[in-house]
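Please examine the sequence and the three-dimensional model shown here. The paragraphs that follow move from a strand to its neighbours, then to a helix, and finally to the ligand.

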Amino acid sequence: MSTPRDIAVVVGSLRKESYNRKMALAIAQLAPPSLKFEIVEIGQLALFNQDDEANPPPPNVAFKARIQKADAVLFVTPEYNRSVPGVLKNAIDVASRPYGKSAWDGKPAAVISVSPGAIGAFGANHHLRQSLVFLNMPTLQQPEAYIGQAATLFDAAGKLANEQTREFITKFIDAFATLIDRYKK
Ligand SMILES: Cc1cc2nc3c(=O)[nH]c(=O)nc-3n(C[C@H](O)[C@H](O)[C@H](O)COP(=O)(O)O)c2cc1C
C-alpha cells in the first residue's frame with residue numbers, strides 16, 4: 001500500500017468540548033486508510049507580529065514547518081461574529097509569512113464549518129475561503145459543508161451519532177481525496 005496522504009487539520013476553536021473538534025475527530029475516524037487526518041494545534045501560537053518575521057517564536061516556527069510538510073489542509077471552524085475566530089486567522093497569518101515563503105501555497109484545502117445555529121457558520125466558511133484564494137490553495141468547492149444544529153449531532157461520548165451527517169461527511173471526504181489526488185506532487 002502506498003503512503004497515506006498527510007492531511008493537517010486546523011480546528012478554529014480552543015474550547016474543550018468544541019463541536020468543531022468533535023467533527024475533526026469524527027472525520028479522522030471515518031477516513032479510509034489512504035488518508036491520515038491529524039489535528040495540528042493552534043492554541044499555543046504567539047500572536048503574529050510582523051516585527052518578529054525574521055526571528056519568529058519557536059511555536060510559530062514549528063507550526064509553519066508542520067503545515068509545510070502536509071499534503072493537504074482541512075479547516076474545521078466555528079463562526080465568531082459572522083467571521084472566523086481570531087485564533088484561526090492568527091494561525092493562517094503565522095504560516096503565511098514572510099511574504100513569498102507561505103507554507104500554505106499550493107496545498108489542496110477543504111473547509112467545514114460547524115455551528116449550533118441554523119445556518120452552519122456560512123459566514124465563517126466564506127470569509128475563510130477569501131483568505132484561501134489569496135493563499136493560492138486549491139479548495140474543494142462541492143460539496144459545501146455548512147453543518148448546523150451541532151448540539152444534536154454528537155452522542156455523550158462525543159461521537160458523530162447522526163447517520164445523515166455521517167453519510168454526508170463520507171461523501172465530503174471522498175470528494176476531498178479526489179481533489180488531493182488531482183494536485184498530487
Ligand atoms: C465570540 C463568539 C461569537 C459567536 N458568533 C457566532 C456567529 O456569528 N455565528 C454562529 O453561528 N455562532 C456564533 N457563536 C456561537 C458558536 O457557534 C458556538 O459557541 C460554538 O459552539 C463554537 O464552536 P465550538 O463548539 O467548536 O467551540 C459565537 C460564539 C462566540 C464565543
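Which residues point one way from β3, which point the other way, and are they buried or exposed? The model is a predicted one, and in it Ala 72, Leu 74 and Val 76 point to one side of β3. Val 73, Phe 75 and Thr 77 point the other way, and the residues of both sets are buried. Strand β3 spans residues 72-77, and because six of its six residues are buried, the strand is largely enclosed by the rest of the structure. The criterion behind this reasoning is that a buried residue has under 20% relative accessible area.

The pairing of β3 can be followed through two partners. Strand β1, residues 5-11, runs parallel to β3 and is joined to it by five bridges. Within this pair, Leu 74 of β3 has Val 9 opposite it. Strand β4, residues 109-114, is likewise parallel to β3, and the two pair over five bridges. Here Val 76 has Ile 112 in β4 as its bridge partner.

Lys 64 is located in helix α2, which comprises residues 58-69. Is Lys 64 buried or exposed? Its relative accessible area is 16%, and because buried means under 20%, Lys 64 counts as buried. Along the chain, Lys 64 and Asp 93 are 29 residues apart, and their C-alpha atoms are separated by 10.0 Å.

The ligand remains to be considered. Which residues surround it? Its surroundings comprise Ser 13, Arg 15, Ser 18, Tyr 19 and Asn 20, together with Pro 78, Glu 79, Tyr 80, Asn 81 and Arg 82, and also Ser 115 and Pro 116. Classified by residue type, this shell consists of four nonpolar, five polar and three charged residues.

For Ser 13, a polar side-chain atom lies 2.7 Å from a ligand oxygen atom. For Tyr 19, a polar backbone atom is 2.9 Å from an oxygen atom of the ligand. In the case of Asn 81, a polar backbone atom is 2.8 Å from a nitrogen atom of the ligand. On its own the ligand has 620 Å² of accessible area, of which the protein covers 69%.

Conventions
Residues numbered from 1 in each chain as written. Predicted model: local features only at pLDDT ≥ 70, side-chain atom pairs only at ≥ 80, totals over all residues. Heavy atoms only, no water. Near = heavy atom within 4 Å. Polar contact = N/O pair within 3.5 Å; in protein donor to acceptor, adjacent residues only side chain to side chain. Areas by Shrake-Rupley, 256 points an atom, 1.4 Å probe, with all protein chains shown as cover. Nonpolar A, V, L, I, M, F, W, Y, C, P; charged D, E, K, R; others polar. Buried < 20%, exposed > 50% of the residue type's maximum accessible area, 1.4 Å probe, protein only. Helix = DSSP H or I, 4+ residues; strand = E, 2+ residues; numbered from the N terminus. Pairing = 2+ DSSP bridges.
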